[in-house]
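Let's walk through this fold together, one neighbourhood at a time. Please keep the viewer open as you read.

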Amino acid sequence: MTQKKYTKKTAKSIHKRRRMNYFFRRKAVFIILIIALIGTGLYLKQSISYYYALYFNKFNHKKLHNNEAETLRIQKILSNNLDKTYGFDVSHYQNKEDIKWDSLSIGNKTIPLEFVVMRATMGNRNADKHFNEFWEQAKKHELVRGAYHFYRADEDPVIQANNFLASVKLESGDLPPILDIEKIPKRKTNKKLIEDLKVWCKIIEDTYGEKPIIYTYYHYYKDFLKGEFDDYPLWLANYNDVPAPSPDSSWDFWQFTENGIVHGINTKVDLDIYNGSLWSLKRLTLD
């Protein structure tokens, strides 16, 4: 076979094309590296800000303080969950004037609070006196809102569900209704309690088309509720030095302290973690 001959002009053209391809590949690699660095920086921004503030720009509340053990426990939980979404919950135990809704953050002012859960009703008849004010303030400041009913174990589940529905008007973008169960009945069996809780949940679910969120303490859930509400979103309270609220159950929300110190609030509050991103939290809300 006759060997193909290249002219000087052809060789120059090939060399030029190879040179252009070489620089194109270098530019492509450089652009990819820049994008990767920017993406990593954005991903680590929260962590970098948190650790910088923790060691070099620590925020000390003028009024509120925790003991060393609680401070370290909260810092550990924050450090291990910087990729998650934070919020708080309130009731009439907090004074309206104690909350500045436009400047709420934790973690030395590096972690914004994205959602708030508030007590709306209790038992058959009672309603929280601050609910309407807190509910409107949360909407005004574009926080994801949640409303909960404090269930009284010896009272009627139908009347309690109607009490909640009469007092709370959930909107698109709000969390599903929340059932707070913490007490053991004195005049009913535990079996009857479970039946009544399911009645409350069914009424609420039939109204909103969404399963309510179940809130309780870890040990209460383990001893009384586990296996009965496994397909419901779960909000567990656990104030111990643990990496998660439950070692053996999935969870959606974790109330990890009742001694939360928040920039913008002049009283301690309960702090919560949602087990996901803000985008994921908003997917959980009502349509």
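Ring pairs join Phe115, Tyr148, Tyr215, Tyr217, Trp235, Tyr239, Phe253 and Tyr274 into a cluster; here the rings of Phe, Tyr and Trp (its six-membered ring) pair if their centres lie within 6.5 Å, and planes under 30 degrees apart count as stacked, over 60 as edge-to-face and the rest as tilted. The model you are looking at is predicted, so local features need pLDDT of at least 70 and side-chain atom pairs count only at pLDDT 80 or more, while totals for chains, interfaces and linings use all residues. Residues are numbered from 1 along each chain as its sequence is written, and side-chain values use heavy atoms, with hydrogens and water left out.

The structure holds 16 aromatic pairs. One of them is formed by tyrosine 215 and tryptophan 235, edge-to-face, at 4.5 Å centre to centre with 65° between the planes. Tyrosine 215 belongs to strand S7 (residues 213-217) and tryptophan 235 to strand S8 (residues 234-237), so this pair ties together parts that are 20 residues apart in sequence. Helices (H or I, at least four residues) and strands (E, at least two) are DSSP runs, numbered from the N terminus. Are the two partners buried or exposed? Tyrosine 215 counts as buried because its relative accessibility is 4%, and tryptophan 235 is buried too, with a relative accessible area of 2%. Buried means under 20% relative accessible area, exposed over 50%, and partly exposed in between (1.4 Å probe, protein chains only).

Rings also receive charges here. The charged end of lysine 211 sits over the ring of tyrosine 232, 4.6 Å from its centre, and lysine 198 lies over the face of phenylalanine 229, at 5.9 Å from the ring centre. For this, NZ of Lys or CZ of Arg must be within 6 Å of the ring centre and within 35 degrees of the ring normal.

Now turn to a pair of helices. The axes of H4 (residues 157-167) and H5 (residues 190-208) come within 8 Å and cross at roughly 35°. Axes are lines fitted to C-alpha atoms, for helices over the stretch in contact, and angles run from 0 to 180 degrees between N-to-C directions. Where the two helices meet, H4 brings residues including Phe164 and Leu165, and H5 brings residues including Trp200, Ile203 and Ile204. By class, the contact of H4 with H5 has 10 nonpolar, 2 polar and 1 charged residues; Ala, Val, Leu, Ile, Met, Phe, Trp, Tyr, Cys and Pro count as nonpolar, Asp, Glu, Lys and Arg as charged, and the others, Gly among them, as polar.

Follow the chain out of H4 and you reach proline 177, in the loop between H4 and strand S6 (178-180). With a relative accessible area of 0%, proline 177 is buried. Leaving aside neighbours within four places in sequence, its contacts (heavy atoms within 4.5 Å) include Phe164, Ile204 and Pro212. Proline 177 and proline 212 are 35 residues apart in sequence, yet 4.9 Å apart in space, C-alpha to C-alpha.

Lysine 109, in the loop between S2 and strand S3 (111-122), has a positive phi of about 65° although it is not a glycine. Glutamate 142, in the loop between helix H3 (131-140) and strand S5 (144-150), has a positive phi near 60°.
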